[in-house]
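Reader: I would like to go through a structure with you, one topic at a time. May I show it here and then ask my questions?

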Amino acid sequence: QVQLVESGGGLVQPGGSLRLSCAASGSIFSIYAMGWYRQAPGKQREFVARIVSGGNTNYADSVRGRFTISRDNAKNTVYLQMNSLKPEDTAVYYCNANLKTTRFDSRDDYWGQGTQVTVSS
């Protein structure tokens, strides 16, 4: 079994910062990519940022320049530094990992339980 545990969400004023963390644990052989998605009330889940094992990153246009994703491969942990937060960043943020549980398996996606980020004055 694989578990993804997020932390770091909360309430912050517009213009403020938060740092999300997500640690993957369990039966993990290798992790190809880790990333973040978010879902606001009444909206579909959307991509935020992603980092692959080689270090390449991708960002949604809405967060590029404000959010930074990083990864500690030794700890199977991904971080999302969020700066200059806006009310429209309010959502539940979900961690995603694309990984193998054994050498012979294909890669599968795993999800965390989500952490609430609220940007409001």
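This is a predicted model: local features need pLDDT of at least 70, side-chain atom pairs count only at pLDDT 80 or more; totals for chains, interfaces and linings use all residues.

Reader: What is the relative accessible area of Y37?
Author: Y37 has a relative accessible area of 24% and is likewise partly exposed.

Reader: How many aromatic pairs does the structure hold?
Author: There are two aromatic pairs. In one of them, the ring centres of Y37 and F47 lie 5.6 Å apart with the planes at 75°, so this pair is edge-to-face. Y37 belongs to strand β4, residues 30-39, and F47 to strand β5, residues 46-52, so the pair links parts of the chain that are ten residues apart.

Reader: And how is the pair of Y37 and W111 arranged?
Author: Y37 and W111 are also edge-to-face, at 5.1 Å centre to centre and 65° between the planes. Y37 is in strand β4 and W111 in strand β10, residues 108-111, so this pair ties together parts that are 74 residues apart in sequence. W111 is partly exposed, with a relative accessible area of 39%. Y37, F47 and W111 together form one aromatic cluster.

Reader: A new topic, please. Which ring does R19 lie over?
Author: R19 lies over the face of Y79, at 4.1 Å from the ring centre. R107 is placed over the face of Y32, at 4.0 Å from the ring centre.

Reader: Which side chains of strand β1 point to the buried face?
Author: In strand β1, residues 2-7, the side chains of V2, L4 and E6 point to one face and are buried.

Reader: In what sense does β1 pair with strand β3?
Author: The two strands pair in the antiparallel sense, over six bridges. V5 stands opposite A23 in β3.

Reader: Finally, which residues touch the most other members of the largest nonpolar core?
Author: They are W36, L80, M82 and Y93, in a core of 29 residues. Several strands each supply at least two residues of this core, including β1, β3, β4 and β5. The largest share, five residues, comes from β9.

Reader: What does Y93 touch?
Author: Leaving aside residues up to four places away in sequence, the contacts of Y93 include W36, L80 and M82. Y37 and E6 are also among the residues that Y93 touches.

Note on methods: Residues are numbered from 1 along each chain as its sequence is written. Side-chain values use heavy atoms; hydrogens and water are left out. Rings of Phe, Tyr and Trp (its six-membered ring) pair if their centres lie within 6.5 Å; planes under 30 degrees apart count as stacked, over 60 as edge-to-face and the rest as tilted. Helices (H or I, at least four residues) and strands (E, at least two) are DSSP runs, numbered from the N terminus. Buried means under 20% relative accessible area, exposed over 50%, partly exposed in between (1.4 Å probe, protein chains only). A charge sits over a ring if NZ of Lys or CZ of Arg is within 6 Å of the ring centre and within 35 degrees of the ring normal. Two strands pair if DSSP finds at least two bridges between them. A nonpolar core is a set of buried Ala, Val, Leu, Ile, Met, Phe, Trp, Tyr and Cys residues joined through side-chain atoms within 4.5 Å. Contact means heavy atoms within 4.5 Å.
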